Amino acid sequence: MYTHIVGTGSAVPQRVITNDDLAKMVDTSDEWIFSHTGIRQRHVVGPEENASTLGCEAARRALEDAGISPEEIGTIIVTSTTPDYAVYPSTACIIQGMLGAKNAAAFDLAAACPGFVYGLTVAKGLMQIDNRPVLVISTEVMSRTINWSDRNTCCLFGDGAGAVVLKNSDQPGGLGFHLVGADGTGYLAIHREGGVRTEETAREKPGDLKMDGRSVFNFAVRSFCDIIAKSMEHYGWSEKDLTWIVPHQANVRIIDAAVKRINVPVEKFYVNIDRFANTSSASIPIALDEMAKKGLLRRGNRLIFAAFGAGLVYGGVAVEWTK
Ligand code: COA
């Protein structure tokens, strides 16, 4: 039994904030942000939008692309660092109701930016015991967790959602080698108060996103190199056998640093961070949907998804494109 991506979809808010707009709010410039990150602009939600509205729209588009009705879905997995409610109800349940996917189980999965890759991994395992299609939806409203007066973080993130429909079949290909891992000793490297960790945090408003950019950068480069090297080693692929690496879109300099350490040309990395910034777990499925819509994906293409993020966690999956 093989698990295939049979539909992709994405949705981003209409509103765009450029680096020049940001330079009117904090002491920064388009030149600094672009040269340090590769980002030119980010999409930001309006008052009526949130993780469930964006996620639902991305899911509808993925279902339409797959030619599958909401009633056929067996499970909905949502990954989000910015769910509608702190813990419950899950955003997956909210989207299940909005979609009318009445036969689907629904749960959220917390794995920060690698959430989509973790979601694919969990879905594939689940589909060994339940043969029905699964929706994996990654949806983020990072703009609501950012301190817009902190120039160190406010330029880095954006909002958006991406989704895929997974389906089992006997045809070889689809989701292949998976590598997921964590280094929990680094749990404070990216964090946001607001849980029930102490009396105070339980009763206070959630804080802003806090990040030690340098240590995350180093972890990210190590993670990318490890995921790519181990995936290629697993299949005995050389650089020529690989069509695309679809990395978590956090910073082009992380990609450049990884490229210096591994034998894969930078052209094989699909990058759209200039237009969307870091949309956390949504960044890979947004990029994947964009690639599909641009006609960049062909049957038999070999892809590696690679991500890292808060936890600290990392995750990779190799895919043979069969759509
Ligand atoms: N505009 C202008 N200056 C800025 C700035 C901005 N938007 N953000 C930071 N700076 C300043 C800093 O204040 C610092 O000034 P100082 O030397 O006077 O203190 C200087 O630029 C250098 O800061 P530094 O942190 O060394 O920059 P950097 O080259 O390491 O880049 C990041 C910072 C955050 C872009 C980089 O570390 C990074 O991308 N890390 C990974 C983060 C990430 O991917 N997070 C998401 C994980 S999912």
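This section describes the ligand site and the salt bridges of a predicted model.

The shell around the ligand comprises 22 residues, of which Thr28, Arg151, Gly213, Arg214 and Asn251 come nearest.

An N or O atom in the side chain of Trp32 is 3.5 Å from a nitrogen atom of the ligand. A polar backbone atom of Gly213 lies 3.0 Å from a nitrogen atom of the ligand. An oxygen atom of the ligand, in turn, is 3.2 Å from a polar side-chain atom of Arg253. On its own, the ligand has 970 Å² of accessible area, and the protein covers 72% of this area. Two or more residues of the shell are given by each of the elements α2 (30-37), α6 (151-154), α8 (213-235) and α9 (252-261). The largest share, four residues, comes from α8.

Salt bridges were examined next. In the whole structure, 13 salt bridges are found. One of them joins the side chains of Arg132 and Asp130, with an N to O distance of 3.0 Å. Arg132 has a relative accessible area of 33% and is partly exposed; Asp130, at 22% relative accessibility, also counts as partly exposed.

Helix α8, which contributes to the ligand shell, also contains a salt bridge between Lys230 and Asp226. The closest N and O atoms of this pair are 3.2 Å apart. Because Lys230 and Asp226 are four residues apart in helix α8, about one helical turn separates them. Lys230 is partly exposed, its relative accessible area being 37%, and Asp226 is likewise partly exposed, with a value of 28%.

A further salt bridge is formed by Glu239 and Lys268, whose closest N and O atoms are 3.4 Å apart. This pair links distant parts of the chain, 29 residues apart: Glu239 belongs to the loop between α8 and β11 (244-247), and Lys268 to the loop between α9 and α10 (273-276). Lys268 has a relative accessibility of 16% and therefore counts as buried, the cut-off for this class being under 20%. Finally, salt bridges link Asp274, Arg275 and Glu290 in a network.

Conventions
Residues numbered from 1 in each chain as written. Predicted model: local features only at pLDDT ≥ 70, side-chain atom pairs only at ≥ 80, totals over all residues. Heavy atoms only, no water. Near = heavy atom within 4 Å. Polar contact = N/O pair within 3.5 Å; in protein donor to acceptor, adjacent residues only side chain to side chain. Areas by Shrake-Rupley, 256 points an atom, 1.4 Å probe, with all protein chains shown as cover. Salt bridge = Lys/Arg side-chain N within 4 Å of Asp/Glu carboxyl O. Buried < 20%, exposed > 50% of the residue type's maximum accessible area, 1.4 Å probe, protein only.
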